[in-house]
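Subject: Structure handover

Hello,

Please find the structure below, followed by notes on what was found in it.

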Amino acid sequence: MDYPKNAGTMPEEREDRLSALPDGVLGHVLSFLSAKEAARAAVLSRRWRHAFANVHTLSFEQEEGSDDCDDSDFAYSENVNQSRNSAFAGLVDAAISCRRRCGGDSGGRDPGLRAFRVVFDSFHLSLADDVDRWLSVATASGGALEEIQLDARRQGQRPCARERPDWYYEGHHICGPSAEIKDESDGDDDSGEFRNPRSRDRAYRIPRWLLTSCAAAGVRTLCLGSCLLDLPADADVRLPSVETLALRRIPDSGKDIQRLVSACPRLADLTLDSCRRVRAVAVVDRSLRRLALRCCHGARLTVDASGLCALEYRGPVPDHSVLSFLGSPPPIVSADIEFCGKMTSSEGEFVDLTRFLERFAGARWLRLGSSRLGAGMEMSKLPAFPTLPCLRKLELKGALTSNTAIDAVTRILEQTPNLEVLTLLILPDVEELPRYQAEVRCDPKAALDVPGELPMIPCLRDRVKEINVVHYQGRVAQRALLKLLLRVAAALDELYVVLPKGEYAVQTMLMGEIQSWVVNRPVKVMFA
């Protein structure tokens, strides 16, 4: 056997090409790590000692705390959060000081920060002055700051009220005593952590100078979460360069959020997530390319965006007033639609769903999901599912626990004549939580209710080349649906199935069963 000439070269004689890179390049590489990991990498060798000064992105994310505490013991919870935050604040201060010190020792010019990100898991008001100081340092660092991300959430985010199972309201809480939970569907509630007035008083308030002065004039991405905007009535909000704006769990009024949106003349990407006090927002800017509206129950958006390409929606089944387009409808090519709770619960909701999906007739990629896929579609006299002639990739997301899911998937696929890739993402049934078992659960003796006469689904017969099934447990409804799809999919080339953890014998049985459904066909089957 021939060996390379340098096979016997000692490690110390090899050239360290990575350390030979300029400081600016090393700093750029370290910027893709969290600040803690970047600082660790900077002490690997003497050559890397000053590389941290050239890091242009500082990212800090507080580790999640335990949820085992009693929510009724407010004082104890505050003490725990304050103790956890002291260590986190020390980490941020140390990273900022180290970056400044390394730059001074090397004698080089500070390249300035491009991005500054701080995400709390349990913010405490005692850190408000520290956060103000961090923002001041970041915005004054060379004047090149392009991204600010600040999430000051105070506790683990609760699920949307429409997503909670019946046992949630019957007092079966994982921790703490039962409490009356108001329905959030009307949009009157604030975000979960701001329901308590004491929590609102202890929320972080964005410094007014950040939004009303030239400090953020160069910022292009602004992401704020669980913060109070606290905008004065006469404040002149200035965000001339912001292209991406994300607001999550902001308890301010819809008027203040509208002022913030209107202050971004170059806005191209807007996300409103769990801003429960929003009633009406108008985006009259044709530069908008992406819009995301998640769990803002009761919100009404008016959009003048002829260039809108991507839309994301999460909430109850919307009526025609939830989203209004001025002028001609935008050419949306990518849509991510997920409904809180069951997909439909009445014939009227299904009519609203059909009209809503008709707006995406030109979409090429669609994700459609709910906690229970196909719920309500067993009702008779329902209107036809809208035709999506341009759709190439479809992802259906939800729990598959009944045969209604088979009817739902069949009705949807009948209206996607040019579909090429189908993905089924199977979710746990919320009614089974916290007793839900994620492992494979299969009854090999259960009969699979598959119709003898196969439905006519043109896309499966002629077009679909790839089917992906994620979290396939082997329940009766899941097996029956997959068997039906594989019997009809005559053009199928590739099948990917992801199984959860479970007994090896059960997994082997499921894999063998799937293989038997595609026997005598040149289909590439892969399991994970």
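How many cavities of 30 Å³ or more does the structure hold? The structure holds 2. A cavity here is a set of points on a 1 Å grid, over the protein atoms alone, where a 1.4 Å probe fits but cannot get out, and lining residues have an atom within 4 Å of a point. Grid points are joined across faces, edges and corners, and a volume is the space filled by probe spheres set on the points.

Before the rest, the conventions. This is a predicted model, in which local features need pLDDT of at least 70 and side-chain atom pairs count only at pLDDT 80 or more, while totals for chains, interfaces and linings use all residues. Residues are numbered from 1 along each chain as its sequence is written, and side-chain values use heavy atoms, with hydrogens and water left out.

The largest cavity has a volume of about 40 Å³. Its lining consists of Leu-291, Leu-293, Leu-311, Glu-312, Tyr-313, Val-322, Leu-323 and Phe-356. Two or more lining residues come from each of β10 (290-294) and β12 (310-315). β12 gives the most, with 3 residues. Helices (H or I, at least four residues) and strands (E, at least two) are DSSP runs, numbered from the N terminus.

The chain as a whole

The chain has 13 helices and 20 strands. Of its 528 residues, 49% count as buried; buried means under 20% relative accessible area, exposed over 50%, and partly exposed in between (1.4 Å probe, protein chains only). The chain exposes about 25200 Å², of which carbon and sulfur atoms supply 50%. These areas come from the Shrake-Rupley method with a 1.4 Å probe, and for residues only the protein chains shown count as cover. Among contacts between residues at least 6 apart in sequence, 71% join residues at least 24 apart, where contact means heavy atoms within 4.5 Å.

Helix α1

In α1 (residues 23-30), the residues Leu-26, Gly-27 and Leu-30 are buried. They are on the same side of α1 because they cover an arc of only 100 degrees around the axis. That arc is taken from the directions from the helix axis to the C-beta atoms.

Two strands pair if DSSP finds at least two bridges between them. β1 (residues 57-61) pairs with β2 in the parallel sense over 5 bridges. β2 (residues 115-119) also pairs with β3, in the parallel sense and over 5 bridges. β3 in turn pairs with β5 (residues 221-225), again parallel and over 5 bridges.

Arg-117 of β2 is the bridge partner of Ser-59, and Arg-117 also stands opposite Gln-149 in β3. Val-118 has Leu-150 in β3 as its bridge partner. Further on, Asp-151 stands opposite Gly-225 in β5.

Both β2 and β3 are mostly covered: 4 of the 5 residues of β2 are buried, and β3 (residues 147-151) likewise has 4 of its 5 residues buried.

Phe-60 lies in β1 and counts as buried because its relative accessibility is 3%. Leaving aside neighbours within four places in sequence, Phe-60 is in contact with Ala-35, Phe-88, Leu-91, Val-92, Ala-95, Phe-116, Arg-117, Val-118 and Val-119. Phe-60 and Leu-150 are 90 residues apart along the chain, with their C-alpha atoms separated by 9.7 Å.

Loop residues

Most residues other than glycine have a negative phi. Two residues to check against that are Ser-226 and Cys-295, neither of them glycine. Ser-226 has a positive phi near 55 degrees and sits in the loop between β5 and β6 (227-228). At 1% relative accessibility, Ser-226 counts as buried. Cys-295 has a positive phi of about 50 degrees and lies in the loop between β10 and β11 (300-303). Cys-295 also counts as buried, at 6% relative accessibility.

Asn-418 is in the loop between α10 (404-413) and β17 (421-426). With a relative accessible area of 24%, Asn-418 is partly exposed. Not counting residues up to four places away in sequence, Asn-418 touches Pro-389, Leu-391, Arg-392 and Arg-463. Asn-418 and Leu-391 are 27 residues apart in sequence and 6.3 Å apart in space, C-alpha to C-alpha.

Regards

Technical notes. 1 Å grid on protein atoms, 1.4 Å probe; cavity = no way out; pocket = protein on both sides within 12 Å on 5 of 7 lines; lining within 4 Å.
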